[in-house]
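Colleague: I am new to reading protein models, and I would like to go through one feature by feature. Could we look at it together?

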Amino acid sequence: MRLACVVVLAAPLALHAAEGLQYNVRINAPGDLDDLLEENLDLLKYRGNPRTDIEQLRRMVRTAPAQANTLLATEGYYSPTVNVRLDESGTPPQVTVDVTPGDPVLVGAVEIVLNGFASNPESPFDKEALKASWPLAEGQVFRQADWEGAKRAILRAVVQTRYPRAQMTESVATVDPDTKRALLRVALDSGPEMRFGAIRIEGLKRYPEEIILNLNKIKPGDLYSEAELQAFQSKLQDTGYFSYVEVTADLNTLIGERQEAQAEQSAGAPQPATLPPVPLLVHVVENKRKNASVGVGFSTNTGGRTSVAYDDLAVWGLRLKSALTVEQKKQTARGDFYFPTTEDGYNDSFGAALERNDIEGEVTRTASVYAKRAWGTPLLERSISAEYLNESRTVAGATSETSSTHAMSLPITYAVTWRKLDNLIFPTRGYVLNATAGGALLPILTDEKFIRVTARGITYRPIDPKNLLIFRGEIGALRSGSKEGVPATYLFRAGGDNSVRGYAYQELGVQEGDATVGGRYLATASAEYQYWFRPTWGAAVFYDAGNAADSLSDIHPKSGYGVGARYKSPVGPINVDVAFGHATRKARLHFSLGFTF
């Protein structure tokens with residue numbers, strides 16, 4: 001049984017005679033068809049027009065059924081029954097539009113003809129995969145918008161490959177109202193194959209060409225690929241050296257060369273199967289070399305924040321990033337130097353930092369220097385780093401032997417991150433996994449040898465476009481002869497915005513004197529349900545649990561649960577949560593920007 005949706009559109013009161021004839025329109029149509037007719041029928045578009053009088057209204061009533069039939073056909077209804085009545089007995093006049101759409105026309109057989117598209121052993125072109133990508137499948141309702149979208153999609157899929165000059169030479173939809181089927185035929189001509197030529201760079205003034213050349217994986221002779229152009233452009237934008245980057249195939253040069261060649265050829269000369277190599281054009285606008293900034297902010301983890309940053313893009317051929325950050329619980333001064341990416345794709349850096357933390361009764365002061373090599377893609381990132389730390393620690397209420405200690409260490413850490421997300425900024429499906437392994441294994445600049453491993457992950461499981469489940473977990477373990485001599489940075493705590501909500505930042509750990517300090521083991525887990533009542537606004541309920549301890553048997557999970565608001569801002573998701581800590585019997589506000597890691 002189908003229920004008709006009734007829309008009554010009341011004409012506003014006439015403010016003056018120039019507004020034209022006023023009348024009411026009542027549309028009785030099922031589903032969203034009432035909106036379609038309301039937005040497009042002349043009866044609605046010209047109501048109140050100064051030129052609309054009773055005769056014009058009568059003409060629109062007579063033409064409305066044919067206009068409605070045309071509109072309904074775009075939604076797949078080719079045999080509707082449309083009755084339009086005009087009642088002039090009342091004031092204002094009343095127009096009633098009754099629609100019975102009937103059964104929609106469905107997609108029948110689909111024929112896709114591909115002319116050209118030659119394959120070669122070097123890189124075969126998969127015609128069957130292209131045909132299988134056709135989005136308007138047999139049995140779907142035949143809507144005009146879907147038909148046009150399907151044609152654009154298959155052509156777009158071709159021109160982004162080695163055939164950027166491909167054209168659609170035929171597109172026919174034959175609708176049979178008796179069988180309620182639409183037979184579709186689409187023909188594509190590949191045009192000539194295109195390959196990349198040599199690279200040309202425009203806009204470089206202060207920075208060396210190696211910054212661009214080392215990131216370029218496109219070699220002369222490679223088959224044209226829009227995806228490769230976009231990936232190259234994205235890498236250049238991420239370097240920080242440029243305020244504007246555009247990576248294109250220089251088709252203007254190619255067109256000029258072809259025109260000259262055609263002028264030399266006799267009339268009727270055969271069209272070449274391939275085009276000459278097209279130059280790869282990189283146009284950049286450089287960022288200014290030096291930049292200083294001041295910022296203020298607030299975190300529910302570490303409190304109010306003031307920061308001063310200074311960047312220099314050309315210090316001994318390296319990129320310098322430095323910052324002084326003062327927060328209520330943490331103060332940091334650091335400087336990092338980054339080498340240009342190597343031809344092999346390695347990103348090398350080194351730096352130094354001074355840091356003071358005052359968290360849950362434990363005060364640490366750390367000086368460190370590091371060197372790091374990172375490589376990979378956003379889907380699989382890897383790094384190896386070596387760091388020397390010199391740390392002093394004061395614990396409130398501890399015994400005289402442990403109230404103030406000193407440690408130095410030279411750990412080496414290998415890290416790997418796997419990402420498989422539908423969107424890196426606003427993920428709704430997929431997962432991220434991160435694992436680290438390392439430690440201070442040699443008695444060099446190290447008070448206590450240790451081994452440390454961690455693993456954490458987050459997964460997004462959509463129920464439907466409005467409902468989303470998120471699961472998050474983290475584990476960690478450290479093995480050493482003694483905790484004394486292991487820097488606090490490498491021990492584990494829990495609690496805070498991206499850990500166990502309902503508890504203060506790193507509140508959960510090992511009790512020592514009047515303070516909470518890090519433990520050898522960590523385990524946390526979280527489950528969250530989100531409902532998006534608008535595209536950019538959502539609400540959440542969640543349950544977190546976890547703790548840190550010096551032995552697995554001593555990990556007694558503390559739980560927190562609550563509700564939150566979600567907003568998709570231009571810079572990433574903003575999360576505001578109110579969580580209740582079951583162990584502390586207190587509610588706490590949490591604020592975070594972006595997803596966990």
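Colleague: Of the contacts in the protein chain with a separation of 6 or more, what percentage is accounted for by residues 24 or more positions apart?

Modeller: Contact means heavy atoms within 4.5 Å, and in this chain residues 24 or more positions apart account for 57% of the contacts with a separation of 6 or more. Please keep in mind that this is a predicted model, in which local features need pLDDT of at least 70 and side-chain atom pairs count only at pLDDT 80 or more, while totals for chains, interfaces and linings use all residues. Residues are numbered from 1 along each chain as its sequence is written, and side-chain values use heavy atoms, with hydrogens and water left out.

Colleague: How many helices and strands does the protein chain have?

Modeller: Helices (H or I, at least four residues) and strands (E, at least two) are DSSP runs, numbered from the N terminus, and here they come to 8 helices and 29 strands. The C-alpha trace spans about 100 × 75 × 50 Å along its principal axes.

Colleague: What percentage of the residues is buried?

Modeller: A residue is called buried under 20% relative accessible area, exposed over 50%, and partly exposed in between, with a 1.4 Å probe and protein chains only. By that rule, buried residues make up 39% of the 597 residues in this chain.

Colleague: Which residues have the most contacts inside the largest nonpolar core?

Modeller: A nonpolar core is a set of buried Ala, Val, Leu, Ile, Met, Phe, Trp, Tyr and Cys residues joined through side-chain atoms within 4.5 Å. The largest one here has 23 residues, and Leu43, Val84, Val95 and Val97 have the most contacts inside it. Among the elements that give two or more residues to this core are strand S2 (24-30), helix H3 (54-73) and strand S4 (94-100), and H3 gives the most, with 7 residues. Apart from this core lies another, of 22 residues, with Met194, Tyr207, Val282 and Leu313 among them.

Colleague: What is Val97 in contact with, leaving aside its neighbours within four places in sequence?

Modeller: With those neighbours set aside, the contacts of Val97 include Arg26, Ile27, Leu43 and Val84.

Colleague: In what order do the 3 strands of the open sheet lie?

Modeller: Strands of a sheet pair through backbone hydrogen bonds, either parallel or antiparallel, and two strands are counted as paired if DSSP finds at least two bridges between them. In this model the order is S5-S7-S6, with mixed pairing. The edge strands, each pairing on one side only, are S5 (106-115) and S6 (167-176). S5 and S7 pair in the parallel sense over 8 bridges, with Leu106 bridged to Arg181 in S7, whereas S6 and S7 (residues 181-189) pair in the antiparallel sense over 9 bridges, where Met168 has Leu188 as its partner. S6 and S7 also form a hairpin with 4 residues between them, and Lys180 in the turn has a positive phi of about 60°.

Colleague: Where does Ser190 lie, and why does it count as buried?

Modeller: Ser190 lies in the loop between S7 and strand S8 (196-202), and it counts as buried because its relative accessibility is 5%. Leaving aside neighbours within four places in sequence, Ser190 is in contact with Asn115, Gly116, Phe117, Tyr163, Arg165 and Ala166.
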